[in-house]
Amino acid sequence: MIIDLTDTTSSEIASALLRARRNAGSPAMGMVGTIVVVVDEASHHDAMKAANEAGREHPSRVLVAILRPGRGASGLDAEVRVGEGIPGEAVLLRLHGELAKVPESVVTPLLLPDSPVIVWWPGGGPKVPADDPLGRLGRRRVSDAAATRRASVDFAARAEGYEPGDTDFAWTRLTPWRALMAAALDQYPTKVTGAEVVSAKGNPSADLMAAWLQCRLGVPVEQRNSRGPGVTAVRMFTPSGPIALTRPDGAVATFSIPGQPDRPVALKRRTTSELLSEELRRLDPDDVYAKTLACMVKREKMPEAEKKVDAADRRSVQTAVSNAAARTAGATTAPAKKTAAATRKSAAAQKAAAAKNAAGRKTAAKKTATKKTAAKKAAGKTAARRS
């Protein structure tokens, strides 16, 4: 059911939601929270779609706020959606004029009581989310540095104004990477002498990954550029060789540990709805993210020389790559050698069989000739006696 409301108020929207639930035959709400999406007109459709898909795992009331400040008359237009494949409820709010400068006055009466509020900025978000009028309503505030042009500046501002509950999709995208690298050190406990992060240029997730590694390991972490997509490789250098996780295609990664065979790992780039679902699973403060932000600010002030990986570690990577290539080539060459040897043996066996057959035919021919000669001699003797 879709209900369009023009020049309306928050109370009329709440009444429309109640009426829509009753008409749908489900007066009970059964939702776990409210998702407030602050977005512009151009991208509101994709944002609402992602929020509704995340709602299949976490049924929620989705309030999409499109702010249109300007000199025109103040007003509020709304579109209420219940059902139509939506697991919870969705309300599209368009705030015009002066009303767009105080969006909390419209959103607050529509929040579900006694339930968490998640505020999400798909277009990047403010420099300090906790100072935003809508951000102050949220228990969790989700921004996306990848949608901004100057992600490093935003991170510096967010580190200074961090409040418990702040997070960013650039950090959420690193969850499987961080889990695999931590698991690698559990499986192969050793000393790490350096690390590197390889990614597309200007990728904010790579900046956070480098800061996290440097903060946790206390070693220099070098960043290098690639063609992408996103983060393509993370390596930790050890005396025995690198522990590496490489993903050149954005779908399947290769997990490498010294002395063990390489393993493929499913590590596809996740959709926006999957990232939002992860944030909805955890509503407590992310202390690791807060520490990483602080480390990132310190890392930006460090001289570039302190971020460089030692040349010996770099050679260990080249050696590991060469050894892996040799193992692959060896694995490919060994069956070929076996096949060639089997072919040679088969040819030799065929020649021997042919020679044996030829010798047999010659022997048989000699025996036949001997029998004929003996028969001729016997016939000659018989003819002589008769004569």
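Author: Let's start with a cut-off: buried means under 20% relative accessible area, exposed means over 50%, and partly exposed is in between, using a 1.4 Å probe and protein chains only. This is a predicted model, where local features need pLDDT of at least 70, side-chain atom pairs count only at pLDDT 80 or more, and totals for chains, interfaces and linings use all residues. Residues are numbered from 1 along each chain as its sequence is written, and side-chain values use heavy atoms, with hydrogens and water left out.

Reader: Okay, why is Thr167 called buried?

Author: Its relative accessibility is 2%, and the limit is under 20%, so Thr167 counts as buried. Thr167 sits in strand 8 (residues 166-168); strands here are DSSP runs of E, at least two residues, while helices are runs of H or I, at least four, both numbered from the N terminus.

Reader: What is Thr167 in contact with?

Author: Contact means heavy atoms within 4.5 Å. Leaving aside neighbours within four places in sequence, the partners of Thr167 include Arg140, Val142, Glu279 and Tyr289.

Reader: What makes helix 8 "largely enclosed"?

Author: Of its 10 residues (272-281), 7 are buried, so the rest of the structure largely encloses it. Among those buried are Ser273, Leu275 and Leu280.

Reader: Why are helix 2 and helix 8 called oblique?

Author: Their angle is about 50 degrees, and their axes are 8 Å apart. Axes are lines fitted to C-alpha atoms, for helices over the stretch in contact, with angles from 0 to 180 degrees between N-to-C directions. Under 35 degrees is roughly parallel, over 145 roughly antiparallel, 65 to 115 roughly perpendicular, and the rest oblique. Helix 2 and helix 8 are therefore oblique to each other.

Reader: Which residues meet there?

Author: From helix 2 come Ala50, Ala51, Glu53 and Ala54, and from helix 8 come Thr272, Ser273, Leu276, Ser277 and Leu280.

Reader: Finally, what makes Gly30 exposed?

Author: Gly30 has a relative accessible area of 68%, and exposed starts over 50%, so Gly30 is exposed. You'll find Gly30 in the loop between helix 1 (10-23) and strand 2 (33-39).
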